[in-house]
Amino acid sequence: MSLPPLVAPADGLSVDEVRRYSRHLIIPDVAMDGQKRLKNAKVLAVGAGGLGSPTLMYLAAAGVGTLGIVEFDTVDESNLQRQIIHGQSDVGRSKAESARDSVLEINPYVNVVLHETRLDVDNVMEIFSQYDLIVDGTDNFATRYLVNDAAVLLGKPYVWGSIYRFDGQASVFWADHGPCYRCLYPEPPPPGMVPSCAEGGVLGVLCASIGSIQVTEAIKLLTGIGDPLVGRLMVYDALEMSYRTIKVRKDPECPLCGKNPSITSLLEDYEAFCGVVSEEAQLAAAGSTITAGELKDWIDEGTAIELIDVREPAEWEIVRIPGARLIPKGDLPAHLSELPQDKRVVVYCKSGVRSADALATLKNAGFSSAVHVQGGVTAWATQVDKSLPVY
């Protein structure tokens, strides 16, 4: 469905701006009116990472007048494979500041507003209220539900994108004209069911594919052109190079945007709502968690342990703790009979999330003395053997 422009046009464009945006101005659908709307627009990018990078760069190039950036992290070398708004010289810098500098290098006419903070229930409403449109580039479910709920409660549209390995999704959620994120995903997936990009990986260029869709949708909403992805989910498969569109209907029983909403304010704890770590895993890990340093002491002392790596084979090839045996978490139930009863079983993963789930499996199978390593192989590589790579 076509929608009216989200913002009013600015008073005018300078001679320099006309020169800069000339390829937009000669498109009849955009023209002077559309470009002046972009100039007057205030758009907030949630995150300056994989999706936030192309989003910010192309929104800046398009002439969006005010760009807000919500980002609390610093640039890490592992980001550079996909977060193209940052460069080698930015490693260790604030992502927000690095992104701002890149945006201003692309277009000095853009007003960049930094929000160097973690988005949470205490600040999201105040931050969102300053903008016409939100573009969500986060990679965790707790923040996605937070963004959705705040946008619905404030009556604002937002452009959503998601990436994982070779697959991407994008849509526009605007409760005034269609469904919200909760209509599509009423409940978050079980903890550990959908790994983040940090756990499962992502093809770097996929960020550009989905990010460009997000920017296209933002421009359409701001200027009132075309048919936005309201009520439609775009699904992209990079391996097959295929796009398909799925109809998403507004759920009349949606607890947030339905006829009789039961959610009328933000939840107190979105991490708890999404269950980042399952309750069973939390119970298993309580009192059965060791540090990387303690594991090193056990190995040096010759303590009888069976060290199990529950990551995937591709991760095992990157880095591993010496003496470990690879049994991916999904395969662990089939290999329980192979584990020794006369040794303490120690499990680890990349960061400690998957190993906590694996620990619950072991405890339920009778391995009561089993433990897992807090921080996983990342902690080992940063605290014990710093010659090892971190991914």
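In the predicted model, helix α3 (residues 31-40) contributes G34, Q35, K36, R37 and L38 to the buried part of the structure. The elements that cover these buried residues of α3 include α2 (22-25), α4 (52-62) and α10 (206-223). A31, which also belongs to helix α3, has a positive phi, near 55°, although A31 is a residue other than glycine. Most residues other than glycine have a negative phi. With a relative accessible area of 23%, A31 is partly exposed.

A positive phi, of about 55°, is likewise found at R165, which is not a glycine. R165 is placed in the loop between β5 and β6 (167-173), and its relative accessible area of 38% makes R165 partly exposed.

Strand β2 (residues 66-70) is mostly covered, with five of its five residues buried. T66, G68 and V70 point one way from the strand, whereas L67 and I69 point the other way; all are buried. Such a pattern may be set beside the general rule that in a regular strand the side chains alternate between the two faces of the sheet. Strand β2 pairs with β1 (residues 42-46) in the parallel sense, over five bridges. Within this pairing, V43 stands opposite L67 of β2.

The loop between α7 (141-154) and β5 (158-164) contains K156. K156 is buried but forms no salt bridge, and the nearest side chain of opposite charge, that of D132, lies 5.7 Å away. The side chain of K156 instead reaches the backbone oxygen of Y131, at 2.6 Å. When neighbours within four places in sequence are left aside, K156 is in contact with F128, S129, Y131, A151, F173 and W174.

The cysteines were examined for disulfides, which are covalent bonds between the sulfur atoms of two cysteines. With a cut-off of 2.5 Å between the sulfur atoms, the count of disulfides is zero. The sulfur of C180 has its closest cysteine sulfur in C257, at 3.7 Å, which is too far for a bond. For the sulfur of C257, the closest cysteine sulfur is that of C183, at 3.4 Å, again too far for a bond. C180 counts as buried, at 1% relative accessibility, and C257 is buried with a relative accessible area of 11%.

Note on methods: Residues are numbered from 1 along each chain as its sequence is written. This is a predicted model: local features need pLDDT of at least 70, side-chain atom pairs count only at pLDDT 80 or more; totals for chains, interfaces and linings use all residues. Side-chain values use heavy atoms; hydrogens and water are left out. Helices (H or I, at least four residues) and strands (E, at least two) are DSSP runs, numbered from the N terminus. Buried means under 20% relative accessible area, exposed over 50%, partly exposed in between (1.4 Å probe, protein chains only). Lys and Arg count as positive and Asp and Glu as negative; His and the chain ends are not counted. A salt bridge is a side-chain nitrogen of Lys or Arg within 4 Å of a carboxyl oxygen of Asp or Glu. A polar contact is a pair of N or O atoms within 3.5 Å; within protein, one must be able to donate a hydrogen and the other to accept it, and residues adjacent in sequence count only if both atoms are side-chain atoms. Contact means heavy atoms within 4.5 Å. Two strands pair if DSSP finds at least two bridges between them.
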